[in-house]
Amino acid sequence: MKIELLKPHTHAGKRHLPGERLDLDETSAKWLIDLKVARAATPEPIKQPSRKGD
């Protein structure tokens, strides 16, 4: 499950900042969401190459 951090968090020994996205197992993700440390991440828009002149 993809989450977006709302607060600083250390995961697997690495420090992560608010706004970073992590892909966690569902149990860990829900635990962080319940603690209000993270929220479910919205899908990132697919970046399509732009055409010149459009």
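Which residues make up the largest nonpolar core?

## Nonpolar core

Ile-3, Leu-5, Leu-22, Leu-24, Ala-29, Leu-32, Val-37 and Ala-38 make up this core, 8 residues in all. A nonpolar core is a set of buried Ala, Val, Leu, Ile, Met, Phe, Trp, Tyr and Cys residues joined through side-chain atoms within 4.5 Å; buried means under 20% relative accessible area, exposed over 50%, and partly exposed in between (1.4 Å probe, protein chains only). Two or more residues come from each of β1 and α1.

## Basis of the model

The model is predicted, with local features requiring pLDDT of at least 70 and side-chain atom pairs pLDDT 80 or more, whereas totals for chains, interfaces and linings use all residues. Residues are numbered from 1 along each chain as its sequence is written, and side-chain values use heavy atoms, leaving out hydrogens and water.

Strand β1 (residues 2-5) is joined to β5 by 3 bridges, and Glu-4 stands opposite Arg-39.

## Salt bridges

There are 3 salt bridges, each a side-chain nitrogen of Lys or Arg within 4 Å of a carboxyl oxygen of Asp or Glu. Glu-4, which is buried at 15% relative accessible area, meets Arg-21 at 3.8 Å, N to O, and Arg-39 at 3.4 Å. Within helix α1, Glu-26 bridges to Lys-30 at 2.8 Å.

Conventions:
Two strands pair if DSSP finds at least two bridges between them. Helices (H or I, at least four residues) and strands (E, at least two) are DSSP runs, numbered from the N terminus.
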